[in-house]
Structure formats: structure tokens, C-alpha cells
Amino acid sequence: TVSVLYWCSHPLQTPPLPNMTVRIVPKKTRDDVYRFLFTEGVICCKKDRLTKWEGRLDGRKFSAPVHHVWVLLRSMKSRNLVKEQFAWRHFYWFLNDEGVEYLRKQLSLPDTVVPNSQKSTKEGAEREFEKRPPRP
């Protein structure tokens, strides 16, 4: 209580930042991040502890603190469920086959559901591209 009174008595000073080392992630946040990762197959997250990560699934927008996303995906990385790539102040996590199986169990999904990154492309779109006339 002494520190709270101290900060209240000095209005020009800003209060300390919240503790970013807390590793407890709420179930709703965990489920949202896992569902997004399974649907898209990849997550991109900026390396800035003070921002929020935002995702959109089925028209529903949600956000989570960046450090919660880091904690979840670093845990998955330590179990070799995702591949981590870092470039230009952004983390990229790619889901692999073991991660797909793990998330199917966590989210209670059937074996027929696959991430968007693993869906096969339509051959018609590739054939239309090949039919294009060559450049002059």
C-alpha cells in the first residue's frame, strides 16, 4: 500500500509498467490464439511488449497481449510443434504436422479439418495462369 500511496501523491510520475513476466495465460486467450494458428497455419507478432496482437476469425475480431502469444508459442516451439522465424522485428511461427495433430486434440477437431496453409490449391487457377500470353 505504501507504493500505491507514493504514486498517488506524485501525479507527475508515471506508475510502473505491469509485470510482463507473468506466464499465466487465460483460457479464452489461449483458445483464440490456438484457433487462429490452426486456421491460418502461421502467426506473425511484432516484437513490442506494450502492443496487443490482433486476429480475426469468422468475422470476429479479438486481441491478446503480445507476451501471452509469445509464452504460448515459445512453449509450442520447445515441444517442436511450430517453427520460429524472426525477421525485421517480427516473429513468425509456422505450424508443422506435429503441431496440427496437437491442436486437433486441444480444439477437439476431426481429422478432416486442415489449416489454410496446408490446403491444396485449385488446379484451375494454375492452369489459367499458364494460359496467359507471354510478355512482349
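Does Phe-36 count as buried or exposed, and at what relative accessibility? At 13% relative accessibility, Phe-36 counts as buried (buried is under 20% relative accessible area, exposed over 50%, partly exposed in between, with a 1.4 Å probe and protein chains only).

This is a predicted model, in which local features need pLDDT of at least 70, side-chain atom pairs count only at pLDDT 80 or more, and totals for chains, interfaces and linings use all residues. Residues are numbered from 1 along each chain as its sequence is written, and side-chain values use heavy atoms, with hydrogens and water left out.

Start in helix 2. Phe-36 sits in this helix (helices, H or I with at least four residues, and strands, E with at least two, are DSSP runs numbered from the N terminus). Setting aside residues up to four places away in sequence, Phe-36 touches Gly-41, Val-42, Ile-43, Trp-53, Gly-55, Arg-56, Leu-57 and Phe-62 (contact means heavy atoms within 4.5 Å). Arg-56 is 20 residues from Phe-36 along the chain, yet their C-alpha atoms are separated by 7.7 Å.

Tyr-34 belongs to helix 2 as well, which spans residues 27–40. Tyr-34 is buried, with a relative accessible area of 4%. Beyond neighbours within four places in sequence, its contacts include Leu-72, Met-76, Tyr-102 and Leu-107.

Now the rings. The structure holds seven aromatic pairs (rings of Phe, Tyr and Trp, the last by its six-membered ring, pair if their centres lie within 6.5 Å; planes under 30 degrees apart are stacked, over 60 edge-to-face, the rest tilted). Phe-36 and Phe-62 form an edge-to-face pair, 6.4 Å centre to centre with 75° between the planes. Phe-36 lies in helix 2 and Phe-62 in strand 3 (residues 60–65), so the pair ties together parts that are 26 residues apart in sequence.

Trp-70 and Phe-91 have ring centres 5.7 Å apart and planes at 70°, so this pair is edge-to-face. Trp-70 is buried at 5% relative accessible area, and Phe-91 is buried at 8%. Ring pairs link Trp-70, Phe-86, Phe-91 and Trp-93 into a cluster.

Follow Phe-91 into strand 5 (residues 90–95). Its covered face carries Phe-91, Trp-93 and Leu-95, its uncovered face His-90, Tyr-92 and Phe-94. In a regular strand the side chains alternate between the two faces of the sheet.

Strand 5 pairs with strand 1 (residues 42–46) in the antiparallel sense over five bridges (two strands pair if DSSP finds at least two bridges between them). There, Val-42 has Phe-94 as its bridge partner. Strand 4 (residues 82–87) also pairs with strand 5 in the antiparallel sense, over six bridges.
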